[in-house]
Amino acid sequence: MQSPVPVTLPGPAWPDGPDLYPVPDAADHLMGEWTVERTLVDLGTGRSGSFRGTAVFRTDGDGRVLHTEEGELRWDGTPGRAGRTLVLLPGPDGTCEVTFADGRFFHDLDLRTGAWAVHHPCAADSYEGAFAVVSRDEWHVRWRTTGPAKDHLQRTVYRRRPVAGA
């Protein structure tokens, strides 16, 4: 596996250490609406983009939590609509299993210390993810993807949307 290339992305610095916010129950904490700001960089070509939109976490009635994102993806200045749906399967200990919408396993999620790292193999590619919760209302995700045809870095900041009337 290649060593990660240090890249400076716009936005806040990557959180770590004692400033993390422990979350005893990941699914419960994530419920609601969030703004999404994502920066994407193709390290092999130097091309970059961004995603701006919303994420909604809601129960589906079967004990699952649907994570739906919708927004605008700008790649090399060209805008387009983009979105995705993931499913969280909450565990009794406050952790979750995260799957793709079609049920395939993606990764586990344990935010009880405020931070979590995951690995997801996808064909010849490798996805290394890191999660950091900085407050009740903000969390960050970083993905580094390497493989024969990919050398990507993305960083996302989620901020809780205020509840109307609260």
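The protein chain comprises 166 residues, of which 39% are buried. Its secondary structure amounts to one helix and ten strands, and the order along the sequence is α-β-β-β-β-β-β-β-β-β-β. Contacts between residues 24 or more positions apart make up 43% of the contacts in the chain with a separation of 6 or more.

Confidence in the prediction was examined for the chain and for its elements. The mean pLDDT of the protein chain is 90, and 89% of the residues reach 70 or more. Among the elements, helix 1 (residues 26-30) has the highest mean pLDDT, at 98, whereas strand 7 has the lowest, at 92. Over residues 1-7, the pLDDT is below 50.

The largest pocket holds about 570 Å³ of space. This pocket is lined by 23 residues, and Arg38, Leu40, Arg84, Tyr127 and Gln154 are the closest to its centre. At least two lining residues are supplied by each of strand 1 (32-42), strand 3 (65-75), strand 4 (78-90), strand 7 (115-122), strand 9 (138-146) and strand 10. The largest share of this lining comes from strand 4, with four residues. By class, the pocket lining consists of 13 nonpolar, five polar and five charged residues.

With a threshold of 30 Å³ or more, the count of cavities comes to one. The volume of the largest cavity is about 140 Å³. Its lining is formed by 15 residues, and those closest to the centre are His67, Leu86, His107, Phe131 and Trp139. Strand 4, strand 6 (105-109) and strand 9 each contribute at least two residues to the lining of the cavity. Twelve of the cavity-lining residues are nonpolar, two are polar and one is charged.

Two residues were examined individually. Thr156 lies in strand 10, which spans residues 151-160. With a relative accessible area of 2%, Thr156 falls under the 20% limit and is therefore classed as buried. Its side chain makes a polar contact with the side chain of Arg38, at 2.6 Å. Arg38 is also one of the residues closest to the centre of the largest pocket. When neighbours within four places in sequence are left aside, the residues in contact with Thr156 are Val36, Glu37, Arg38, Trp139, His140 and Val141. Of these contacts of Thr156, Trp139 is also listed among the residues closest to the centre of the largest cavity.

Ala149, by contrast, is found in the loop between strand 9 and strand 10. The relative accessible area of Ala149 is 74%, and this residue is classed as exposed because the value is over 50%. The C-alpha atom of Ala149 is separated by 8.0 Å from that of Asp125, a residue 24 positions away along the chain.

Note on methods: Residues numbered from 1 in each chain as written. Predicted model: local features only at pLDDT ≥ 70, side-chain atom pairs only at ≥ 80, totals over all residues. Heavy atoms only, no water. Buried < 20%, exposed > 50% of the residue type's maximum accessible area, 1.4 Å probe, protein only. Polar contact = N/O pair within 3.5 Å; in protein donor to acceptor, adjacent residues only side chain to side chain. Contact = heavy atoms within 4.5 Å. 1 Å grid on protein atoms, 1.4 Å probe; cavity = no way out; pocket = protein on both sides within 12 Å on 5 of 7 lines; lining within 4 Å. Points joined across faces, edges and corners; volume = space filled by probe spheres on them. Nonpolar A, V, L, I, M, F, W, Y, C, P; charged D, E, K, R; others polar. pLDDT = per-residue confidence, 0-100.
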